[in-house]
Amino acid sequence: MAIPMPTRQLFIDGEWREPILKKRIPIVNPATEEVIGDVPAATTEDVEVAVNAARRAFSRNRGKDWAKAPGALRAKYLRAIAAKVTERKTHLAKLEALDCGKPLDEAVWDMDDVAGCFEYYADLAEGLDAKQKAPVSLPMEGFKSYVLKQPIGVVGLITPWNYPLLMAVWKVAPSLAAGCTAVLKPSELASVTCLELADICREVGLPPGVLNVLTGLGSEAGAPLASHPSVDKIAFTGSFATGSKVMTAAAQLVKPISMELGGKSPLIVFDDVDLDKAAEWAIFGCFWTNGQICSATSRLLVHESIASEFIQKLVKWSKNIKISDPMEEGCRLGPVVSKGQYEKILNFVSTAKSEGATILHGGSRPEHLEKGFFIEPTIITDVTTSMQIWREEVFGPVLCVKTFASEDEAIELANDSHYGLGAAVISNDAERCDRVSQAFEAGIVWINCSQPCFTQAPWGGVKRSGFGRELGQWGLDNYLSVKQVTAYTSNDPWGWYKSPAE
């Protein structure tokens, strides 16, 4: 039975509003290539209205309605949103699978994480009040000092299409918990569930203007949001190229930003492992979410003594992956998100072959699927470190394999990248895993696994993978400013200058 796509408008100031220029963007089901609906396309004019609504919500009643309200009040709304997400979980997951091609089982898992993220930041919102006025130890008598943590203001949240709702909520939940008001601009390629989040916020009575959702093109909605003088901070997840533009726009106003950008993460497999366990983690680390993960461990480094046997295992595991419409039971690899992304990935594979690499498995459309943006899980060998496929982010189900002879060589190869988001090591030697973890130039390290992510643990990268951390307490800190308050408590005059009375 087909799932109808809801028809929504922009969500501004607690209401559905038609885009001022009345533009809309078609929704294409990546599994069938059919248009199945549309979303509103915000432009600069709508950004202006949304930012003004967020500004009013932030300062309404001198901030007492939201920004300066007790954390328990904000937590009440976050928990109500979490409950509604759980209530609608199955429907939300189906919409997401249709919209971006993610296997339905993954989408259901994502919805559990969405609800969990709101619950987690509800707890932190409640705890924020107790942490206010934390004393600062001073070396001088007669003074007392403490710290206030206050919401940074109106924030612009620009999010990607690979985890449409979850990546948005990684920003929405902590920003609202902190007391900020927000304008969310999800990717135009997959934004249906973000509009459903807006509907949930309306249903639970979130105060008008606290969260505004603008769907639209990056150039027409994201860019004016990033450069808007009344937006106090930008949080962005996406590509390095777009992140650079966002950073440039924010720099004009010296606006704080946090960025989670691309990756080309390594996974090192040593020669003391269970080959099947390691093979499954290797393909999971690259092919999960249809290979469209910024942290994908797409550069696989295998010890030369096990390489031949291990690569054969990889191919066998890859052949066993069910590739199908994401709504089918047991689907483990769906289509990539769009025709543009599909063609980009195939060009990467073609270039690798022309540069001398071997396409050992996959690299094209599965024979049993005539329509849709499907690409078989792809394993590429005989790569060199200068090849495009080794150095650039593909954002698709493409795994490159290279061998190494020593631990030092493996670390050197792993760190030879402009990116530094994730990195993984698989070995039964705990001391080796510890050494390699410390040597990795990355913000996230996995030992004997790849890709697990928990709301409680910090997420972010180094080098061209961005800066700042999401999730955990660090995610909340992204949206708080720190204010020092120091009082002179002595009854004695300061006495630095000679008194005129003397």
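**Notebook: cysteines, a sheet and a helix**

I began with cysteine 100, which counts as buried because its relative accessibility is 3%. A reminder to myself before going on: this is a predicted model.

**Entry 1: the cysteines**

Which cysteine sulfur is closest to that of cysteine 100? I found cysteine 194, with the two sulfurs 11 Å apart, too far for a bond. Next I looked up cysteine 400, which is also buried, at 1% relative accessibility. The closest cysteine sulfur to that of cysteine 400 belongs to cysteine 286. That distance is 7.9 Å, again too far for a bond. I use a cut-off of 2.5 Å between sulfur atoms for a disulfide. My tally for the structure is 0 disulfides.

**Entry 2: the whole chain**

I then stepped back to the chain. I noted 15 helices and 22 strands in its secondary structure. Its radius of gyration is 25 Å, close to the 23 Å that the globule rule gives for 502 residues, so I wrote the chain down as being as compact as a globular protein of that length. Along the principal axes, I have the C-alpha trace spanning about 90 × 55 × 40 Å.

How much of the chain is buried? Buried residues make up 55% of the 502.

**Entry 3: an open sheet**

Now for a sheet. I followed 7 strands in the order S14-S15-S16-S13-S12-S18-S19, which form an open sheet with mixed pairing. Which strands sit at the edges? They are S14 (358–361) and S19 (444–447), each of which pairs on one side only. From one strand to the next, the twist averages 25 degrees.

I kept in mind that strands of a sheet pair through backbone hydrogen bonds, either parallel or antiparallel.

**Entry 4: strand S15 and its neighbours**

I stayed with S15 for a while. On one side, S15 (residues 378–381) runs antiparallel to S14, joined by 3 bridges. Looking for partners residue by residue, I found histidine 361 bridged to isoleucine 379 of S15. Isoleucine 359 has isoleucine 380 of S15 as its bridge partner.

In what sense does S15 pair with S16 (residues 398–404)? The pairing is parallel, over 3 bridges. Here threonine 378 stands opposite valine 398 in S16.

Then I turned to the side chains. In a regular strand they alternate between the two faces of the sheet. For S15, I have Thr378 and Ile380 on one side and Ile379 and Thr381 on the other.

**Entry 5: alanine 75**

My last stop was alanine 75, which I located in helix H2 (residues 71–87). Is alanine 75 buried or exposed? I noted it as buried, since its relative accessible area is 0%.

What does alanine 75 touch, leaving out residues up to four places away in sequence? My list reads Ala122, Ala125 and Glu126. Alanine 125 is 50 residues from alanine 75 along the chain, yet their C-alpha atoms are separated by 5.8 Å.

Notes:
Residues are numbered from 1 along each chain as its sequence is written. This is a predicted model: local features need pLDDT of at least 70, side-chain atom pairs count only at pLDDT 80 or more; totals for chains, interfaces and linings use all residues. Side-chain values use heavy atoms; hydrogens and water are left out. Two strands pair if DSSP finds at least two bridges between them. Helices (H or I, at least four residues) and strands (E, at least two) are DSSP runs, numbered from the N terminus. Axes are lines fitted to C-alpha atoms, for helices over the stretch in contact, and angles run from 0 to 180 degrees between N-to-C directions. Buried means under 20% relative accessible area, exposed over 50%, partly exposed in between (1.4 Å probe, protein chains only). Contact means heavy atoms within 4.5 Å. The radius of gyration is taken over C-alpha atoms; the globule rule is 2.2 Å times the number of residues to the power 0.38.
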